[in-house]
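Hi there,

Here is the structure I promised to pass on to you. Have a look at it first, and then read on for what turned up.

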Amino acid sequence: MVAPFVVVYLWFLIYPSVQVLLMSFTNSDIAGRGNFVGLENYTRLLKDPLFWNALWNTLYFILLTVVPNTALGLIMAMMVIRLNWARRWVLAAFFLPNILPVSVVTNLWQWLLDQNFGIVNYLSKQSIGWFSDPVWAMPAVAVVTLWWTVGFNVLLFMAALQGVPDELYEAAALDGASSGQMFRYVTWPLVWPVTSLVLILQLIAQFKIFDQVYLLTSGGPFDKTTVILLLMYRSAFQQQEGGYSSTIGVVLLVIILVASFIQSRYLGRFRS
Amino acid sequence: MKKSLWAVWLGGAATLLTVLFGLVWVFPVYWMVVTSLKADTDTIVTPPSFYPNPVDFSAYTYIVQNSPILHWYVNSIVTSLLITFLVLILALLCAFALSQLDFPGKGWLYWVILAGFMIPFQASIVPLFLQMQKLGMVNTYAGVILPQLAAPLAVVIYKQFFDQVPRELGDAARIDGASEFRVLFGIYLPINWNITWALAIVTFIAAWNNFFWPFIITNNTNMFTIPVGITQVQSAYGVAYAKTMATAVMASFPTVIAYLLFQRRVTEGVMATAGIK
């Protein structure tokens with residue numbers, strides 16, 4: 001009974017993941033033809049300014065998204081949870097972007113942020129070309145990501161907030177706690193497990209950023225938004241360097257594995 | 001405790017603010033629909049009109065007639081439905097065995113499946129692509145579908161739910177001579193219809209929305225799925241936002257409907273996928 005899943009799983013996930021490690025030691029082209037070259041790809045990677053640029057851009061993107069996405073998710077959940085009749089509708093409004101395909105999201109925001117006819121520039125009386133401006137491109141991609149994905153975090157925080165017993169708030173109120181103190185001493189400690197989960201899930205997801213960047217800016221302007229996966233995609237399918245591209249893949253794999261390991265170690269999702 | 005007038009007023013203001021925030025948040029979606037219902041010349045007038053006047057369906061008729069969008073629709077429907085069905089079937093069988101049966105290597109297998117959570121398939125896209133090329137699966141449904149089945153999430157969720165089913169239920173049927181398949185599909189599956197629905201909807205939405213893999217494995221316009229195809233429409237038309245938005249509306253229609261109909265199930269599914277129940 002396990003065979004069908006195990007075959008697919010080993011064939012399409014585990015085997016390629018082992019293969020990528022082997023390929024990273026070769027100078028294969030994109031058809032897989034090449035020779036063993038030892039650590040050559042890795043020494044090249046360490047000296048490649050494009051790689052360091054991509055790593056820096058990815059970290060910058062993480063800085064712009066992970067904490068804001070988590071904080072905004074918590075704030076929105078706290079806003080929604082106290083509603084009665086409107087709760088279902090406001091929650092749906094916050095979550096709706098999440099179920100749109102990424103290319104719908106990027107097409108939509110290219111229109112909203114269009115330099116000449118976009119509604120954002122019209123309402124704010126600006127004429128910024130958001131996705132072509134070296135300073136604004138990455139923050140603009142981050143805002144789009146925030147709009148698209150925060151609903152997921154809102155749902156998780158809603159579940160966490162619902163788990164806080166009302167008696168705790170009542171007791172705190174009787175003791176004369178201010179709303180700030182209630183948040184600090186009642187809500188925050190009880191919501192912290194979910195907060196840390198959301199933070200690490202965000203971190204892992206944003207390291208793998210590709211779709212939005214590729215569709216909104218293609219890595220430009222001047223490689224200001226070229227991220228790790230985009231660099232990997234380019235070196236594989238545009239420069240035809242299967243081996244070097246695999247090396248970038250291995251670096252990504254290691255980063256994600258370390259982050260996931262921290263998650264399972266400290267958050268114990270499947271601790272049994 | 002009687003609330004003071006001040007507290008009531010403050011609560012009302014907070015509610016109003018929250019509702020306004022919600023409206024601002026969906027405004028882009030509203031704007032997408034409104035733009036799609038305008039004539040292209042009406043999308044670039046200043047000041048912009050916040051509702052379509054007159055309502056104009058020409059963008060929709062144009063893209064249906066002049067782009068392969070219906071073709072992409074068929075591709076997306078076929079692949080997403082097959083992925084949903086196959087993911088659930090594979091997960092049901094595997095999770096049932098892991099939860100209920102004893103076989104050598106079981107503990108080891110579960111560990112490997114859990115470890116798979118940590119592996120980003122994006123990192124090994126080059127060997128995966130090579131493998132699909134050797135199998136002749138580039139630009140095929142099989143090529144789009146197969147790697148999306150290697151997802152351990154449904155297995156782990158089903159196993160957790162099966163572990164909670166009282167053992168006596170299955171054992172009673174086994175004594176009456178039922179096969180393990182009968183026990184699974186006659187007892188374990190019906191008990192877990194709720195999570196099955198939730199998983200089905202979440203898997204369908206994810207499969208429909210998947211961009212990266214179909215983007216890598218298809219390069220023939222006729223084999224694109226909707227999310228990949230609509231990026232072509234935009235580059236083909238240049239600045240023609242009514243058409244771009246019309247394709248966007250069409251592309252998001254099935255998942256938005258699925259969400260609005262099954263909002264609670266989607267929420268359950270999201271909780272289950274994040275490990276919170």
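A word on terms before the fold: helices and strands here are DSSP runs, a helix having at least four residues and a strand at least two, numbered from the N terminus. With that in hand, chain A reads α-α-α-α-α-α-α-α-α-α-α-α along its sequence, which comes to 12 helices and zero strands. Please keep in mind that this is a predicted model.

**Chain A as a whole**

Taken along the principal axes, the C-alpha atoms of chain A fill a box of roughly 75 × 55 × 35 Å. The chain has 272 residues, and 45% of them count as buried. If you take the contacts in chain A between residues at least 6 apart in sequence, 70% join residues at least 24 apart.

**Where the two chains meet**

**A helix in chain B**

Helix H14 of chain B covers residues 263-274, 12 residues in total. From its first C-alpha to its last it reaches 17 Å, close to the 16 Å expected at 1.5 Å a residue. The buried residues of H14(B) are Arg265(B), Val266(B), Glu268(B), Gly269(B), Val270(B) and Ala272(B). What covers them includes a helix from the other chain, H7 (137-162) of chain A. From chain B itself, the cover includes helices H7 (153-163), H10 (193-209) and H13 (241-261). After H14(B) comes Gly275(B), whose phi is positive, near 85°.

**Two residues in one loop of chain A**

The loop between helix H10 (211-216) and helix H11 (228-237) of chain A holds Ser218(A), and Phe222(A) also has its place between H10 and H11. Neither is a glycine, yet phi is positive in each: near 55° for Ser218(A) and near 50° for Phe222(A).

Are these residues buried or exposed? Ser218(A) has 13 other C-beta atoms within 10 Å, so it is partly exposed. Phe222(A) counts as exposed because it has 10 C-beta neighbours inside 10 Å; the cut-off for exposed is 12 or fewer.

Enjoy exploring it!

Best wishes

Definitions and conventions:
Residues are numbered from 1 along each chain as its sequence is written. Chains are lettered from A and ligands numbered from 1 in the order in which they are written. This is a predicted model: local features need pLDDT of at least 70, side-chain atom pairs count only at pLDDT 80 or more; totals for chains, interfaces and linings use all residues. The expected span of a helix is 1.5 Å times one less than its number of residues. A residue is buried if 20 or more other C-beta atoms lie within 10 Å of its own, exposed if 12 or fewer, and partly exposed in between; C-beta atoms are placed from the backbone. Two residues are in contact if their C-beta atoms, placed from the backbone, lie within 7 Å.
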